[in-house]
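These are my notes from a first look through the structure below.

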There are 4 protein chains.
Amino acid sequence: MAVTEVVEIEGHIVDSLILAKVMDIILAAGADYEVVDVHIGKTNTDVSRARLEVSADDDATLDALLVELQAHGANRVAQQQHAEVVEADSAGVLPAGFYSTTNLPTAVRLAGHWTPVENPEMDCGLVVLGDGRVRTVPVHRVQAGDRVVIGTGGIRVTPPARPRGASPFEFMSSEVSSEKPKSHIVAEVAARIRLAREAGAKVLVVAGPAVVHTGAGPCLARLVRDGWVDVLFAGNGFAAHDIESNVMGTSLGVPVEGGTSAEGGHANHLRVINEVRRHGSIAAAVDAGYVTGGVMFECVRRQVPFVLGGSVRDDGPLPDVYANVVEAADAMRALLPGVGLALMLASTLHAIATGNCLSSGVETFVVDINQAVVTKLADRGSHQALGVVTDVGPFVSALSEQLSSAART
Amino acid sequence: MAVTEVVEIEGHIVDSLILAKVMDIILAAGADYEVVDVHIGKTNTDVSRARLEVSADDDATLDALLVELQAHGANRVAQQQHAEVVEADSAGVLPAGFYSTTNLPTAVRLAGHWTPVENPEMDCGLVVLGDGRVRTVPVHRVQAGDRVVIGTGGIRVTPPARPRGASPFEFMSSEVSSEKPKSHIVAEVAARIRLAREAGAKVLVVAGPAVVHTGAGPCLARLVRDGWVDVLFAGNGFAAHDIESNVMGTSLGVPVEGGTSAEGGHANHLRVINEVRRHGSIAAAVDAGYVTGGVMFECVRRQVPFVLGGSVRDDGPLPDVYANVVEAADAMRALLPGVGLALMLASTLHAIATGNCLSSGVETFVVDINQAVVTKLADRGSHQALGVVTDVGPFVSALSEQLSSAART
Amino acid sequence: MAVTEVVEIEGHIVDSLILAKVMDIILAAGADYEVVDVHIGKTNTDVSRARLEVSADDDATLDALLVELQAHGANRVAQQQHAEVVEADSAGVLPAGFYSTTNLPTAVRLAGHWTPVENPEMDCGLVVLGDGRVRTVPVHRVQAGDRVVIGTGGIRVTPPARPRGASPFEFMSSEVSSEKPKSHIVAEVAARIRLAREAGAKVLVVAGPAVVHTGAGPCLARLVRDGWVDVLFAGNGFAAHDIESNVMGTSLGVPVEGGTSAEGGHANHLRVINEVRRHGSIAAAVDAGYVTGGVMFECVRRQVPFVLGGSVRDDGPLPDVYANVVEAADAMRALLPGVGLALMLASTLHAIATGNCLSSGVETFVVDINQAVVTKLADRGSHQALGVVTDVGPFVSALSEQLSSAART
Amino acid sequence: MAVTEVVEIEGHIVDSLILAKVMDIILAAGADYEVVDVHIGKTNTDVSRARLEVSADDDATLDALLVELQAHGANRVAQQQHAEVVEADSAGVLPAGFYSTTNLPTAVRLAGHWTPVENPEMDCGLVVLGDGRVRTVPVHRVQAGDRVVIGTGGIRVTPPARPRGASPFEFMSSEVSSEKPKSHIVAEVAARIRLAREAGAKVLVVAGPAVVHTGAGPCLARLVRDGWVDVLFAGNGFAAHDIESNVMGTSLGVPVEGGTSAEGGHANHLRVINEVRRHGSIAAAVDAGYVTGGVMFECVRRQVPFVLGGSVRDDGPLPDVYANVVEAADAMRALLPGVGLALMLASTLHAIATGNCLSSGVETFVVDINQAVVTKLADRGSHQALGVVTDVGPFVSALSEQLSSAART
């Protein structure tokens, strides 16, 4: 005999595909649904709403299914009960049955009303603070005694909305194939950056070493200098090659500008790292005149905050690199409030790390020549991610030209 | 008891890796070698020469091995005998034991002296003409009564030389990775094109539809208009989308310049094909004013010869397309004499077809965003092929800028 | 002042994403919609229906938009008028304004009632036969005097349905990534093949040379021998390497089974092609005992019809290869009636050619190691295409094992 | 007026391509060479030797060139001088002009004789210990007062040799394309693993999460259980999904064995990580019966040492994960002595990290479905690296079958 529960979804549930996705999840779980009622918004700005009665063979299946459905914004109707909260009994460990977060806007029912979660981030626990605020907390930061939400009762998740207005985000496709003209896309990304800035949002750039290798370092440096970049995330490799290309004129030993394609200077990046270590920090190396240009130089000069997250493959590393990756991720989290647009340039590791921390509302552009990387990144985390399969060098160069004539002061 | 034979290689056998390759083939076949004598050229312009005694367990292994070695330019020393020639007894079929060609310079010993093969092309037979000349002939063009070379006796193959002088061709690598700066490469390709033209050689472009889809159509059209392209090979798709983008402003229904990324005009290419069919040919459609710009338009206007080879996936096709692919390949062959440099732009099928017909001496540049395609193409055929992994749109655009200031008249 | 028109969509329009797609197309075209009424089916087997009033700035925009919408199954409500039909005035050319087909089920209003199109195929014209039947006709097969449908009036297109029941087709994703377990997928494909056969449908295999190169030739041969393959489409390369691997034990000169990875026998495929040419056909070569195993051998023995479509890169070609690609595509079309499932194995060219001719209802599985190829193929043509990113060798091997225990007699 | 220097290379310099590479580097640097004398070994086991006089325009060019040449084993003839050694004046910083290591066998001339470097590793400094031994030291481990080699005088590098005997390593190609049969390669890798073990060498496996996602976890677990794996390097993701698949039956929420392809359990990996954190370590979770199977379980049970290197994208992380990446790399280094063969399975980050620490003599196999990853990894570090482009799931499954019948006790 089937067990049932009614769930409700509200928002742009047709054009954002939420309703179809919810139906799909139900059927794929071997359960079934019946449409209780549905209201479709008249225009594309009106919201729609649907209620589905979900039926499954047993309670276990139904419960697991309801957890999945809620992760997509389908909340149980019959949940006037409060969220259940228990204390963590040891540091760094969530209580059993903890509510695992999505990156969608979320509210928790406490003391009779809905409290919004302050900083949506996926794969975290929810901690109720002493003053009643609710925050996501990564597992490693839980303290003994923290009041953690468990179960799924008393939790409401808002489904993602489709970006409004003329948008580079294509329908049902988070990817611009290598066979599409890129000049539009560059223009549209430039326009979104301008829009984000006009709306007072910060622009985050996550950059991989290929930005430097492909010769686009000076273009990204110009974007920083012109004030288009508010936060930079990268790794030891990006910063080392950026500095190498400015101090030595090579990237991984290959001349960045002109000349022969001769191999050479295989140790250049190591010498540069060693010298910056001698200075104690990138900022000190800039102050001492050792580094006189490039992305890191411009960040230091313009006081653009950056996080260089370490990785196990790093040479050196540079003194600014967080060798402790848990601290690196926390440093990244600390810079995310206010970020409205993220541009991920030929970075895999740091782009995934960033995507893990972003809330669903941050517009994200992923640029890489490797389709597999773009797919992987654009499918994660953000519901507003657009992947662009292209050579990052010409892309950043064109973006820099698009924005340069309108430098922000 | 082992059987042995002495082979000889001459040329730039160390720096072109021929000697190492030959040693490798011998060992991989389970055979062995002993260096009889070796002379290494003093400078990089002097030729070297080596003789190896090859020993195998039995005659069959040795014979098969000698065939493979000859394909790399290692010729038997003891071959003062003449080439053996037999008559083909039916059209379109080579005699059993026919000599299968490489694309390297080849000579045949007939009537006591070595006759060079006029048109080296791989995977053909060798036909001795009435006047003593020797030509490669694809199997389908053999006529009954043709005098065909069989066996490997009396045949001498010259190993490929490394390109001389400052060259974009990197050592032991026929590929420029996506993580290298492309501005050099573009400049170097432009320089090689100029060198080829100065040397009186023709420049061949093989283009795929992505050239148009990525918005680079006008840049390639300018290269044709400015006289940098002597021969064009493409398929129905390239020509149809080139014309579509000029007549309708879309490519596969996607607007080529600016505007929204709206889907639309899915039938545009079919309408364009239909109209050109009505005119009877692309040239007629140009004359009638139906086509007023683009690559095909410029080819018609400048009388740049082109071959559009059909494929089984074609819509239409355009009236100029060779529906018979054997005739298409023959039409391509007819335009190859004099070609010194080939530029393959986001084309797989037609690029492979072209590579099959090119002699080893033609410098070839393969540009594609897909590394697998680049590897496949650059490894085939030509020993002077350089693969470039990048987005073809910006590449052609930059190449066009590099060459435009020095238009040829 | 805006112009408006009401369109209607009916079917599984929510869970098949049709409604969302239609809304998206309208907005992307710069037009707008208002929901007139909507009925959502109660369960996942009930159909839904929606009417939207579409408004655009001018007639031209609206007309272009209606054409696009119809291609997705959104038909004008106010179209009681008959389809307009004009005679083609020359062979191989459709009349101006011809209706360009989709591969969806389509009906044409003639003489007061709706006549279904017999053989849906995309990018064709619609010809009304003397007896009132309507067929799709590729542009090259139009005859002078053929009665061709023009405009979009009196045409009704049915939107694609989602596959019913437990299905390997994932939601909103036509692709199985390389990071998913493949054993399920193989089992699911095997189950779909059994289902198709039980339903009386034919199974079509489109195979590329990599099937042979990766050592899966014998597995595919077994599938043919066991009766699981009803139709085979391939090119000269597949057939030549299949025969080469059986006659010579190599594929492109590389030993297919065990032994060293030695290069060798670079001319083997050419010798095999030459011998089959001597016999006159593959069947004759089988009868004469020259070919004694492999996929082509089994096709001949079991009288499984095959089409080998020529391409401009072919060596030889084999005598069975259609050198004329237009005739090849027509030969493929002739074998499609009754095909219910298509399996595309490491083929790009012939898989695209096949996809061009398939109606939307044919379940299609695309297997390739290159994600870009899979994406390209699975996105085209069929609405029921599932791409699988994996190495084709192990895939075909596992599929053959799955099906072998249940050989069909 | 040109400056000159004579360099000498000794070893398998023709068939290992060293001589050609050296000539290429000289010409690419704009310098020139003249062959002083050359001796080519008579058979493939005899060593060869060459002396080249290198001439450049100025001392700076010549000096830079000599550094590059030495990195490939071309040592200056006229270097009877001792290596120059200076003390590091601060911790974590090498003295200016430090000698930057390759991963090739290296010797340092001290007190009149050549001392071999104990642990070749690339991108390190060379430190002379109190007892005269010489070790590579990564920059972060340098102590104030360490005696560090500077310049290139008194240093001799041995060029890499080609692997001897029948070998899966193809000539001039470190890559097995996706279009080759994989059954050979699996058999050859299995044979190399047996050879390595018979020679007393350790086998290292570096594994990425896709091993688990593709369903190959149980096969790798069996290889560990059967004693074929001596050391395991991985990240938080691999270990978490391995444990998730054993505790929950899913990998990233996707069922690993059979059933539907339903999405679900998106939080499973986080719950598993949380529980292992509660236990305090993977070993404690195994002891407590929480983890009862899988790769990590087998490692604990068989006391196979493992290093889980943290990364900035990690959830949790598991308690065994090194959050400090510099310590992680040092922990990896500590386990490398004795390793003779490395198998890198669908890992990018940890595979690169491992490649950075391996000496050139370790046979390395890189398996990944993405050609770009394979190329990147197989081109780095080891001169004996073979890349295999294939789906890792079937590969590990087949390898496990190959080795299982011959389990080591």
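I superposed chain D on chain A and found that a rotation of 180° with 0.0 Å of shift along its axis does it, at an RMSD of 0.0 Å (copies are superposed by least squares on the C-alpha atoms of residues with pLDDT of at least 70 in both). The two copies are therefore related as by a two-fold rotation axis. I then looked for the residue of chain D that comes closest to the rotation axis, and this is N324(D), with its C-alpha at 2.0 Å.

I noted that the model is a predicted one, in which local features need pLDDT of at least 70 and side-chain atom pairs count only at pLDDT 80 or more, while totals for chains, interfaces and linings use all residues. Residues are numbered from 1 along each chain as its sequence is written, and chains are lettered from A and ligands numbered from 1 in the order in which they are written.

Next I looked up the contact between chains D and A, where 46 residues of chain D meet 46 residues of chain A (two residues are in contact if their C-beta atoms, placed from the backbone, lie within 7 Å). On the side of chain D that touches chain A, the elements giving two or more residues are α1 (18-28), α2 (59-71), α7 (268-279), α10 (325-335) and α11 (349-357) of chain D; helices (H or I, at least four residues) and strands (E, at least two) are DSSP runs, numbered from the N terminus.

I turned to chains C and A, whose contact takes 21 residues from each of chain C and chain A. At least two residues each come from α1 (18-28), β2 (32-39) and α12 (371-379) of chain C, and α1(C) gives the most to that side, with six residues.

What kind of peptide bond joins G316(B) and P317(B)? I found it to be cis, with omega about -10°, and P317(B) sits in the loop between β17 (306-309) and α10 (325-335) of chain B.

I also checked phi and found a positive value of about 50° at A111(A), which is not a glycine, in the loop between β6 (106-110) and β7 (113-116) of chain A. A111(A) is exposed, with 9 other C-beta atoms within 10 Å (exposed means 12 or fewer other C-beta atoms within 10 Å of its own, with C-beta atoms placed from the backbone). I wrote these down because most residues other than glycine have a negative phi, and most peptide bonds are trans.

Conventions
A residue is buried if 20 or more other C-beta atoms lie within 10 Å of its own, exposed if 12 or fewer, and partly exposed in between; C-beta atoms are placed from the backbone.
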